[in-house]
Amino acid sequence: MSQKKDMPDIRSTRDGYSSLDISASMAPVWCAILYPNRWTLSTHMQRTIVKKILHRNHDLHLLANDSIKDQLMLKDRALSAAAEGITISDFSLEGNPLIYANEGFERLTGYDHKDVVGKNCRFLQGKDTNPATIEQIRQAIHSQEPVTVEILNYRKDGQPFWNRLSITPVRDRDGNVTHFIGLQSDITERVKTEQALLKATEKLETTNSRMKGDLEAARQLQLDMLPNSVPDLPYLDIAVKMETAQEVGGDYYDFHVDRAGHLTLAIGDATGHGLKAGTIVTATKALFNMWAHLKNPVHFLKKTSGALKNMGFRNMYMAMIFAKITPGQLVYSSAGMPFAFYYDASASRVEELVVKGMPLAAFPDFAYQKKIIDLKSGDLLVFFFRRDSGTAQ
Ligand SMILES: Cc1cc2nc3c(=O)[nH]c(=O)nc-3n(C[C@H](O)[C@H](O)[C@H](O)COP(=O)(O)O)c2cc1C
């Protein structure tokens with residue numbers, strides 16, 4: 001450290017004590033440094049310094065100046081009482097060792113200030129301390145810049161703790177860095193909470209993306225269950241429009257053509273969306289494959305309703321139209337589906353086919369209605385999955 005001419009040359013030594021050279025002429029103000037008793041001077045050393053100073057400078061009024069003395073003692077007490085660790089290193093000494101550590105530092109690290117004076121503070125680092133953070137501090141000290149980091153340190157008893165460390169250079173009047181002040185705060189709880197939150201978020205994200213994957217697979221499976229094409233029949237043109245939902249939906253339609261070329265049509269809509277809806281649709285498709293040959297739509301609905309109920313779908317229902325279309329006739333029944341439209345070409349008239357009924361899996365004994373329409377060339381039938389959104393027909 002380059003000493004000013006009017007300063008006593010007080011130097012920390014490796015063992016934490018100081019030597020004094022007062023050969024230079026000095027201003028009284030520098031005597032004040034003797035008062036904070038946590039500096040590394042022994043009482044004996046302090047007395048010696050005072051004597052030497054008094055001997056050289058009889059005008060030394062500052063030592064008697066109670067107000068400055070009080071102020072310094074107050075500052076010393078404040079440094080000691082601070083909850084945070086406060087450390088000072090001497091940049092002029094080899095290895096930038098600590099020359100001061102307050103009680104907050106002792107509480108935080110478990111090291112007594114006598115243990116740490118004369119040592120570089122890197123002794124707090126350990127096996128899991130991030131080398132990149134150490135490098136960041138090293139660079140800042142090298143370029144004599146302030147730095148704030150969060151670093152994993154270890155107490156004297158080996159317990160790790162997270163240290164929010166701010167290091168600030170202290171400059172003399174000529175702008176030369178003479179010391180560094182370190183501020184240490186224990187942020188272990190905050191870092192632990194953040195780490196736990198991060199872990200929980202990562203877990204949620206993994207679960208979420210797995211569920212998304214499962215839902216996408218289920219949606220694809222459900223789409224794969226729909227017919228690839230519409231039946232090619234000599235007496236009927238069929239068109240289907242279905243807008244597929246982003247998630248697994250409950251919309252379902254199916255065809256069955258018997259040997260005589262008669263068409264059985266199923267249009268269904270499960271309550272709700274998601275996997276449960278997908279499951280009841282799968283079950284309904286299996287039942288349709290089994291019972292599509294049934295002549296009477298009412299029988300089909302009753303049997304399917306009973307079978308679904310027995311499968312134990314809780315609070316899940318399936319609305320469904322079951323229709324038999326032969327050349328010249330439509331026989332159909334509905335379990336809670338939107339009413340279909342029938343365009344009678346010969347009369348140029350549109351009729352709403354009002355057939356009411358409870359959705360399947362609710363009351364298997366429900367008395368479903370059957371409707372029969374005589375079809376002629378040019379007539380049109382429109383069935384809906386949902387009438388409000390008009391998504392499909
Ligand atoms: C005043 C001061 C206080 C410091 N306090 C700590 C501390 O509490 N914990 C820590 O890990 N490093 C602390 N350091 C940083 C180390 O002492 C050292 O500068 C850092 O490890 C980079 O240097 P190195 O690469 O030589 O080890 C402090 C440095 C100074 C100057």
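**View 1. Gln 144, a partly exposed residue.** Gln 144 has 13 other C-beta atoms within 10 Å and is therefore partly exposed. The cut-offs are as follows: a residue with 20 or more other C-beta atoms within 10 Å of its own is buried, one with 12 or fewer is exposed, and one in between is partly exposed, with C-beta atoms placed from the backbone. Gln 144 sits in the loop between H5 and E5. Helices (H or I, at least four residues) and strands (E, at least two) are DSSP runs, numbered from the N terminus. The phi angle of Gln 144 is near 55 degrees, a positive value in a residue other than glycine. The model is predicted: local features need pLDDT of at least 70, side-chain atom pairs count only at pLDDT 80 or more, and totals for chains, interfaces and linings use all residues. Residue numbers start from 1 along each chain as its sequence is written.

**View 2. Ala 361 and its loop.** Ala 361 is placed in the loop between strand E13 (349-353) and strand E14 (371-374). Its phi is near 80 degrees, again a positive value in a residue other than glycine. Ala 361 counts as buried because it has 27 C-beta neighbours inside 10 Å.

**View 3. Helix H7 and what covers it.** The 18 residues of H7 (residues 274-291) should span 26 Å at 1.5 Å a residue, and the end C-alpha atoms are 26 Å apart, which agrees. The expected span is 1.5 Å times one less than the number of residues. Buried residues of H7 include Ala 277, Ile 280, Thr 284 and Phe 288. Among the elements that cover the buried residues of H7 are helix H6 (188-225) and helix H8 (297-311). H7 lies across E8, E9 and E10 and runs at about 165 degrees to E9. Axes are lines fitted to C-alpha atoms, for helices over the stretch in contact (C-beta atoms, placed from the backbone, within 7 Å). Angles run from 0 to 180 degrees between N-to-C directions.

**View 4. Helix H6.** H6 has 38 residues and reaches 55 Å from its first C-alpha to its last, close to the 56 Å expected. H6 is hardly covered, with two buried residues among its 38.

**View 5. The sheet of five strands.** The strands of this open sheet follow the order E8-E9-E10-E11-E14, with antiparallel pairing. E8 and E14 stand at the edges with a single partner strand each, so one side of each is left without a neighbour in the sheet. Two strands pair if DSSP finds at least two bridges between them. Strand E11 (residues 329-335) and E14 are joined by four bridges in the antiparallel sense. Tyr 332 stands opposite Lys 371 in E14.

Conventions: Contact = placed C-beta atoms within 7 Å.
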